[in-house]
Amino acid sequence: MVAIAIVSFSTSDTEYLAGCLKSLAASTFPRFRVVICENAGDVGFARTTEALAGLDVIAPAEASAVPCRHPHRDFRFAASGQAVTVLKAPGNLGYAGGVNACIAAAGDDWDAVWVLNPDTFPEPDALTALVRRQQEGGYGIVGSRLIFVASGLVQTWGGIEWRRLLLRGKLLGTNRPADTLPDIAEVERRIGFIIGASMYVTRAYIEAIGVMDDDFFVYNEDVDWCLRRGSFKLGYAHDSVVRHVHGGTTGSSLKKRGRSRFNLYLTERNRVLLARKRFGRWWGLVALLALAQTSEHLLRLRSIRQFRIALDGWWSGIRGETGAPYFLREQRFFDAGALRKAES
C-alpha cells in the first residue's frame, strides 16, 4: 500500500492538481491512496474540493478512509475506488509540514509514501516502476525520470549530484532527450539526493530517519531528508516517468532572472540552515562560501534586486530563521495573492 502525499500551495494550483489526479487515475499500480494537504486556508480548501468534485475521474466517498485530525473532505477514484482525502491545514505548513501532515493522515497500513508535486503528471507505469525498483535494490528512497512539460527534455534522472561544500547540486541528465538511456548504476552512484517533486520513501526509512524537517518550510527539505539517510541507499527508477511543470507554484523559474523573491530568499536562507544542521562546528565556513556565491546575482546577472534578496535570505539563515519567511508571516496562508504582495 502506497500513500501518495501531495501538498497544494496556493489557490491557483487547481488546474495542475486536476491534471495530476487524472494521471494517477490511469496508474497501473492499484494499491494506493492519495492525501492532499491544502495550505491556502478556507479559500484554497473550497477551490480544491470544488475542482475535485468537478473531475469525471473523481467521485464522492461514502466514508472517510483514514483517521485525520484536520478538517477534511473525502473522495475516491470513480473507476478504481482508491481513496482521495483533502486536508485543510490549520495554517501555512509549507511543503515539509504539508508532507508530514499527509503522512500523519495516511493511516497505519501503508508501506511507502510517494511524495509528488501538484504540478506533476505521472505516466501510468510510474508508480509500478518505483515499487519494482525499490524491491530490486532495497533502497530507502527512489526517484523518477522527471521530464519538463514545456520542452519534453529531461529535468533530472532521479535527483541531483550534491556538491557538499558549495551547498548546491547538479541535475543529472538535465536537458537530455527524454528517451536517453543512462548507465543506471552510475546515476545511482552519483545521486546525492532525490528531488522532492517525486520521492518514493519506504516506511522503514521514515520510521528510522523520521519525517521531513519543517524548519525548512520550502526548499532543501528533500536534501536534508536524504542527507540524514545513514546506511539507507538512494535508487533511480528510469521507467518511472513523471512530467513536471517545474516552478508552477513557487516561482522557481529556470531563468535565473525570472526567479521570485520567495524562491530566491528561501533558497539562500535554507542553504545556510542546512549548513547549520549538517556541518557541525564548520557550518560558519560553509555559510561564508554560500555568501560568496550570492555575488553571482550582482556580478554575472547584474541584478541589484536579486542580490539584495539573496543577501537578505542568507542573513536570515545566519540568524537562524525557520519556517515561513518574515515577509509572509503576517499571511496565515500561502496563496498567489500573498506572493504577489511580497514581490512588491
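In the predicted model, a salt bridge joins the side chains of lysine 88 and aspartate 42, with an N to O distance of 2.7 Å. The two partners come from distant parts of the chain, 46 residues apart: lysine 88 belongs to strand 5 and aspartate 42 to helix 2 (residues 41-53). Lysine 88 is partly exposed, at 21% relative accessible area, whereas aspartate 42 counts as exposed, at 54%.

The structure holds 15 salt bridges. Another of them is formed by the side chains of glutamate 123 and arginine 243 (3.1 Å, N to O). Within helix 4, glutamate 136 and arginine 133 lie 3 residues apart, about one turn of the helix. Their closest N and O atoms are 3.1 Å apart, in a salt bridge. Glutamate 136 is exposed, with a relative accessible area of 52%. Salt bridges with shared partners connect Arg133, Glu136 and Glu188 into one network.

Strand 2 (residues 32-38) is mostly covered, 7 of its 7 residues being buried. In a regular strand, side chains alternate between the two faces of the sheet. Here both faces are covered: Phe32, Val34, Ile36 and Glu38 are buried on one side, and Arg33, Val35 and Cys37 on the other. Strand 2 runs parallel to strand 1 (residues 2-8), to which 7 bridges join it; valine 35 is the bridge partner of alanine 5. Strand 2 is also parallel to strand 5 (residues 83-88), with 5 bridges between them, and cysteine 37 has leucine 87 as its bridge partner in strand 5.

Positive phi values occur at two non-glycine residues, asparagine 175, with phi near 65°, and phenylalanine 217, also with phi near 65°. Asparagine 175 is placed in the loop between strand 11 (168-171) and helix 5 (184-190). Phenylalanine 217 is found in the loop between helix 6 (203-209) and helix 7 (221-227), and is buried, with a relative accessible area of 2%.

The second largest pocket has a volume of about 210 Å³. It is lined by 13 residues, of which Arg69, His70, Gly97, Asn100 and Ala101 are the closest to its centre. The lining of this pocket comprises 8 nonpolar, 3 polar and 2 charged residues.

Methods: Residues are numbered from 1 along each chain as its sequence is written. This is a predicted model: local features need pLDDT of at least 70, side-chain atom pairs count only at pLDDT 80 or more; totals for chains, interfaces and linings use all residues. Side-chain values use heavy atoms; hydrogens and water are left out. Helices (H or I, at least four residues) and strands (E, at least two) are DSSP runs, numbered from the N terminus. Buried means under 20% relative accessible area, exposed over 50%, partly exposed in between (1.4 Å probe, protein chains only). On a 1 Å grid over the protein atoms alone, a cavity is a set of points where a 1.4 Å probe fits but cannot get out, and a pocket is an open set with protein on both sides within 12 Å along at least five of seven lines; lining residues have an atom within 4 Å of a point. Grid points are joined across faces, edges and corners, and a volume is the space filled by probe spheres set on the points. Ala, Val, Leu, Ile, Met, Phe, Trp, Tyr, Cys and Pro count as nonpolar, Asp, Glu, Lys and Arg as charged, and the others, Gly among them, as polar. Two strands pair if DSSP finds at least two bridges between them. A salt bridge is a side-chain nitrogen of Lys or Arg within 4 Å of a carboxyl oxygen of Asp or Glu.
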